Amino acid sequence: MLPSVLIMKLFLDALGILFAGVLFSLLLLRGKAHTARMLVSYVPALISSLILIAIAALTIRGGEAISFTLPSTFAFIPYAFRIDLLGAVFLLIIGVVGAAASLYGASYSRHYDGKYNTAYLGLLF
């Protein structure tokens, strides 16, 4: 049996890391060097993508669908998630492409330093 609590915690961690990256991008990126932008924007995206890969691998390895429900601000609309094997394959694809895009985006934005205002490229990523 898959530890659905672990999957739920990993999923929430991935979302939290992504939202933290967005918030830090909004607060700290104006006029900072490329290294600071990379650490604040692209590294959280890379970490979240790696967590998605881990979730997909755990689900595929377990061989069974997992589901969990998160509490909502509305009492009558809970947030229900179900990851079956097909969903895990798509999570794996999204994680691999997201990790590759975050690595590529960090090096891509370096070429525009000093030429353009690239402070929000990481935020848009």
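The model contains one salt bridge, counting a side-chain nitrogen of Lys or Arg within 4 Å of a carboxyl oxygen of Asp or Glu. The partners are lysine 9 and aspartate 13, whose closest N and O atoms are 3.1 Å apart. Because they are four residues apart in helix α1, about one helical turn separates lysine 9 from aspartate 13. Side chains of opposite charge can pair when their charged atoms come close.

Some ground rules before going on. This is a predicted model, in which local features need pLDDT of at least 70 and side-chain atom pairs count only at pLDDT 80 or more, while totals for chains, interfaces and linings use all residues. Residues are numbered from 1 along each chain as its sequence is written, and side-chain values use heavy atoms, with hydrogens and water left out.

**Overall layout**

The protein has four helices and two strands, where helices (H or I, at least four residues) and strands (E, at least two) are DSSP runs numbered from the N terminus. Read from the N terminus, the order of elements is α-α-β-β-α-α. Of the 125 residues in the protein, 30% are buried; here buried means under 20% relative accessible area, exposed means over 50%, and partly exposed lies in between (1.4 Å probe, protein chains only). The accessible surface comes to about 8,000 Å², and carbon and sulfur atoms hold 72% of it; these areas come from the Shrake-Rupley method with a 1.4 Å probe, and for residues only the protein chains shown count as cover. Taking contacts (heavy atoms within 4.5 Å) between residues at least 6 apart in sequence, 71% join residues at least 24 apart.

**The nonpolar core**

A nonpolar core is a set of buried Ala, Val, Leu, Ile, Met, Phe, Trp, Tyr and Cys residues joined through side-chain atoms within 4.5 Å. The largest one here has 14 residues, and those touching the most other members are Ile7, Ile51, Ile55, Ile66, Phe68, Ile83 and Leu91. Two or more residues of this core come from each of α1 (4–28), α2 (34–62), β1 (66–70) and α3 (85–110). In soluble globular proteins, nonpolar side chains tend to be buried together.

Beyond its neighbours within four places in sequence, isoleucine 7 is in contact with Ile55, Leu58, Thr59, Ile66, Phe68 and Ile83. Methionine 8, in helix α1, is partly exposed at 24% relative accessibility. With neighbours within four places in sequence set aside, methionine 8 is in contact with Phe68, Thr69 and Leu70.

| Pair | Separation in sequence | C-alpha distance |
|---|---|---|
| Glutamate 64 and leucine 85 | 21 residues | 6.9 Å |
| Methionine 8 and leucine 70 | 62 residues | 8.8 Å |
| Isoleucine 66 and valine 5 | 61 residues | 9.7 Å |

Glutamate 64 in the table belongs to the loop between α2 and β1, and its relative accessible area of 35% makes this residue partly exposed.

**Helix α3, inside and out**

The buried residues of α3 are Ala88, Leu91, Gly95, Gly98, Ala99, Ser102, Gly105, Ala106 and Ser109.

Ile60, Leu85, Leu86, Val89, Phe90, Leu92, Ile93, Val96 and Val97 make a nonpolar surface patch of about 760 Å². Patches are made of residues with over 30% relative accessible area and no salt bridge, joining like charges within 9 Å and nonpolar side chains (Val, Leu, Ile, Met, Phe, Trp, Tyr) within 5 Å. With eight residues, α3 gives the most to the nonpolar patch. Valine 89, found in helix α3, counts as partly exposed at 37% relative accessibility.
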